[in-house]
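Please take a moment with the sequence and the structure shown here, and then follow the description below, which goes from the overall layout to one helix pair and ends with the confidence of the prediction.

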Amino acid sequence: MPEATDEALMMAFGHGDTAAFERLYARHKGPTFRYFLRHTSDRGIADELHQDLWLKVVRARERYTAEARFTTWLYTLARHRLVDHWRAQPATPLASLDEDCGGDAPYPAGTHDAQAEAADPLRIAIDEQAGRRLLAALADVPPPQRDAFLLHVEAGLSLVEIAGLAQVPVETVKSRLRYAYRRLRAVLEDLQ
């Protein structure tokens, strides 16, 4: 039996199937939490934003329509929540991401699970030391470039989807990704 799509699960949840929500949450909790954590570098803030995001998903269950991919819709909500957070605290500097990704998994207490950790593309691709350096470099990437990178890598969104979400031309997204990858590639080359 084929695995249900995210869109089908969200529609089922909108019709009262709570097990469908549990499956959706299990699929996306790790990447959405990491999206917030890598933007804020604070587990407490990331956890709060993450909870707010999923509360919005729950509240929107009956109004949801599958006009776009579920992940596009989900990360649109996530990005809006992040922008609202930044607007509310404009003087708060972004701290280094090193301290949040040392030996511990990038999940707040109570949300860690081995399957979600194993699915983290950065943990699979690089060892712990390189990961810390890469995350520190990611913290130095300008926010628009970092956002495009995270939406592409963590959320798996296409360039067109990111452009629609950020309300910029596709060429702008390409440029942002190119600059982010260039900066991160330079850090990785320094490790060799």
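Read along the sequence, this predicted model follows the pattern α-α-α-α-α-α-α-α-α-α, with 10 helices and 0 strands in the chain. The chain has 192 residues, of which 43% count as buried, and it exposes about 10200 Å², with 53% of that area supplied by carbon and sulfur atoms. Among the contacts with a separation of 6 or more, 69% are accounted for by residues 24 or more positions apart.

One pair of helices can be followed in detail. Two packed helices are described by the angle between their axes and the distance between the axes. Helix α1, which covers residues 6-14, packs against helix α4, residues 70-88, at an angle of about 70 degrees and with the axes 8 Å apart. Because angles of 65 to 115 degrees count as roughly perpendicular, α1 and α4 are described as roughly perpendicular to each other. On the side of α1 the contact is made by Asp6, Glu7 and Met10, and on the side of α4 by Phe70, Thr71 and Trp73; these residues divide into 3 nonpolar, 1 polar and 2 charged.

The mean pLDDT of the chain is 80, and 76% of its residues reach 70 or more. Confidence is highest in helix α3 (residues 43-59), at a mean of 96, and lowest in helix α5 (residues 114-118), at 49. Over residues 92-114 the pLDDT is below 50, although this stretch has 51 contacts in the model beyond near neighbours in sequence. Where pLDDT is low, the predicted coordinates should not be read in detail.

Definitions and conventions
Residues numbered from 1 in each chain as written. Predicted model: local features only at pLDDT ≥ 70, side-chain atom pairs only at ≥ 80, totals over all residues. Heavy atoms only, no water. Helix = DSSP H or I, 4+ residues; strand = E, 2+ residues; numbered from the N terminus. Buried < 20%, exposed > 50% of the residue type's maximum accessible area, 1.4 Å probe, protein only. Contact = heavy atoms within 4.5 Å. Areas by Shrake-Rupley, 256 points an atom, 1.4 Å probe, with all protein chains shown as cover. Axes fitted to C-alpha atoms, helices over the stretch in contact; angles between N-to-C directions. Parallel < 35°, antiparallel > 145°, perpendicular 65-115°, else oblique. Nonpolar A, V, L, I, M, F, W, Y, C, P; charged D, E, K, R; others polar. pLDDT = per-residue confidence, 0-100.
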